[in-house]
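Here is a friendly briefing to read alongside the model. Please keep the sequence and the 3D view open as you go.

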Amino acid sequence: MSAARSRVAGGTVLRFAPHARFRFDAVRQAWVVLAPERLLLPDEQAVAVLRLVDGARDADAIVDALSREYEAPPAAIAADVLPMLQDLVDKKVLVDSGGPGI
Amino acid sequence: MSAAPATVAVEPPLALLAELTHRCPLRCPYCSNPLALERASAELDTATWQRVLREAAALGVLQVHFSGGEPLVRRDLASLVGHAAEAGLYGNLITSGIGLDADRITALAAAGLEHVQLSLQDSDPDQGDRVAGLAGAQAHKRRAADLVRKAGLPLTVNTVVHRQNLERLGAIVALALTLGADRLEIAHVQYYGWALRNRRALLPSRAQLDRATAFVEAERARLKGVLAIDYVVPDYYARRPKACMGGWGRRFLNVTPAGKVLPCHAAETLPGLRFPNVLEASLAWIWQADPAFERFRGTAWMPEPCRSCERREIDWGGCRCQAFALTGDAARTDPACALAPDHGLLALARGEAAEAARDFFYRGFTVAPAAPAGEPGG
């Protein structure tokens with residue numbers, strides 16, 4: 001249990017929680033997220049975001065990478081991606097890895 | 001969409017509930033185990049459970065919930081957890097905490113256990129012990145929570161709520177925080193089996209329910225990102241039924257201590273269905289072709305008003321066990337739905353709640369005394 005809610009900002013570095021698993025399921029040929037009391041079947045866009053969550057990139061770097069990949073303005077990407085990351089932090093699937101920006 | 005297709009494409013199941021045993025040191029009066037409990041001599045052996053876990057993973061199951069009864073009474077639990085982890089399954093332990101000690105949690109964590117869900121009957125120790133039917137249970141649970149946290153495993157506290165503990169919901173949330181839980185599951189009693197037998201002592205009033213629901217909403221907002229709160233509402237006050245198990249034979253399978261494979265843990269209450277056993281067939285065949293799994297799969301079996309309802313692939317007709325428990329016919333529309341012809345039965349049940357009973361029929365291996373007057377016939 002964490003004492004306070006982590007807020008995701010541009011400089012927040014995230015990683016998967018110790019008991020959250022992001023893996024490719026060979027039966028479904030799809031990526032899945034397994035966590036306590038949670039089972040997520042992320043869509044293609046969510047998978048693109050989650051593959052960039054590596055405990056090193058901050059949220060801004062994730063947005064930049066997606067912006068280049070999809071040739072979309074960073075602000076538009078950020079408007080989708082930051083709430084998604086915050087939601088996964090609130091669900092304790094992702095955690096703040098204590099990088100810069102907390 | 002018009003008529004449902006004759007055959008339904010069967011997607012792989014997501015989760016397996018592995019009920020390793022019906023033995024349990026607790027005797028909770030709302031236990032989800034059937035009224036007729038399996039004895040130790042009928043339980044599957046280690047090698048069979050290992051095969052079931054391998055078959056489940058190959059079939060596409062992603063999560064396995066080791067449950068019971070109390071799964072810790074099985075001495076091979078850590079070896080089964082390890083086998084599941086090797087097969088790629090995400091392992092949860094659903095436990096009363098009784099029987100957990102430092103050695104066992106260390107062995108379970110080393111075997112690859114990912115998460116522990118600990119039951120907590122009440123915030124008040126005396127009331128908790130009374131519901132559990134075991135003196136000292138609450139103290140064991142507090143130690144168990146501590147062991148889980150020290151082992152570095154995520155902890156969910158599960159509290160079943162009813163008319164006799166809802167007034168302490170605030171203290172229950174506070175205790176979950178004190179115990180270091182990441183998650184709190186507040187689940188209203190679902191009325192099957194033992195709980196149906198104890199309905200008059202458990203069913204809350206409408207006012208109690210409304211207060212509880214408003215309180216949970218406020219606590220969820222207050223504790224966002226600190227303590228996740230899952231809330232399971234009681235069908236008896238619903239207007240639309242729950243999508244029970246995400247649909248019959250669609251997401252979930254349950255293997256009983258003796259190896260029967262069920263689409264949900266209460267399915268054995270339904271008459272006229274013969275459930276398959278892992279000793280007779282593979283999990284893959286059972287999932288894809290067994291007649292009991294086909295019986296209520298998809299939408300073709302539905303009566304009106306479900307069959308033409310725009311929500312038929314949202315709630316999948318609600319719960320078959322509840323339809324049977326309340327109407328005597330498993331193929332009727334779940335009375336929890338306001339559109340159901342039998343919806344009035346729930347008003348009768350709620351009326352009973354006004355004449356409060358307090359005493360429980362405890363779960364046990366000898367079948368409890370006859371149902372209290374007013375229980376709908378089966």
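The notes below go from confidence to the interface, and then through each chain.

This is a predicted model, in which local features need pLDDT of at least 70 and side-chain atom pairs count only at pLDDT 80 or more, while totals for chains, interfaces and linings use all residues. Residues are numbered from 1 along each chain as its sequence is written, and chains are lettered from A and ligands numbered from 1 in the order in which they are written.

**Confidence**

- The predictor gives the complex an ipTM of 0.90 and a pTM of 0.91.
- Chain B has a mean pLDDT of 91, with 93% of its residues at 70 or more; pLDDT is the predictor's confidence in each residue, from 0 to 100.
- Residues 1-6 of chain B have pLDDT below 50, and this stretch has four contacts in the model beyond near neighbours in sequence. Two residues are in contact if their C-beta atoms, placed from the backbone, lie within 7 Å.
- Residues 368-378 of chain B also stay under 50 in pLDDT, and the model has 13 contacts for them beyond four places in sequence.
- Where pLDDT is low, the predicted coordinates should not be read in detail.

**Interface**

- On the chain B side, 22 residues are in contact with 19 residues of chain A.
- That side of chain B is made up of 11 nonpolar, six polar and five charged residues. Here Ala, Val, Leu, Ile, Met, Phe, Trp, Tyr, Cys and Pro count as nonpolar, Asp, Glu, Lys and Arg as charged, and the others, Gly among them, as polar.

**Chain A as a whole**

- Chain A has three helices and five strands, in the order β-β-β-β-α-α-α-β from the N terminus. Helices (H or I, at least four residues) and strands (E, at least two) are DSSP runs, numbered from the N terminus.
- The radius of gyration of chain A is 13 Å, close to the 13 Å that the globule rule gives for 102 residues, so chain A is as compact as a globular protein of that length. The radius is taken over C-alpha atoms, and the rule is 2.2 Å times the number of residues to the power 0.38.
- Along its principal axes, the C-alpha trace of chain A spans about 35 × 35 × 20 Å.
- Of the 102 residues of chain A, 25% count as buried. A residue is buried if 20 or more other C-beta atoms lie within 10 Å of its own, exposed if 12 or fewer, and partly exposed in between, with C-beta atoms placed from the backbone.
- Among contacts in chain A between residues at least 6 apart in sequence, 60% join residues at least 24 apart.

**Helices and a loop in chain A**

- The buried residues of α2(A) are A59(A), I62(A), V63(A) and L66(A). They lie on the same side of α2(A) because they cover an arc of only 95° around the axis; the arc is that of the directions from the helix axis to the C-beta atoms.
- What covers these residues of α2(A) includes α1 (44-50) and α3 (74-90) of chain A.
- E71(A) follows α2(A) and has a positive phi, near 50°.
- In α3(A), the buried residues are I77(A), V81(A), L85(A), Q86(A), L88(A) and V89(A). They pack against β1 (14-16), α1, α2 and β5 (94-96) of chain A.
- Just after α3(A), K92(A) takes a positive phi of about 65°.
- E37(A), in the loop between β3 (30-35) and β4 (38-40) of chain A, has a positive phi near 60°.

**Sites in chain B**

- L253(B) is in strand β8 (residues 252-255) and counts as buried because it has 24 C-beta neighbours inside 10 Å. Beyond four places in sequence, L253(B) is in contact with P13(B), L16(B), V261(B), P263(B) and W287(B).
- L253(B) and W287(B) are 34 residues apart in sequence and 8.2 Å apart in space, C-alpha to C-alpha.
- Y231(B) is in strand β7 (residues 228-232) and is partly exposed, with 16 other C-beta atoms within 10 Å.
- M245(B), in the loop between β7 and β8 of chain B, has a positive phi near 60°.
- A cis peptide bond joins G68(B) and G69(B), with omega about 5°.
- The peptide bond from E304(B) to P305(B) is cis as well, with omega near 5°.
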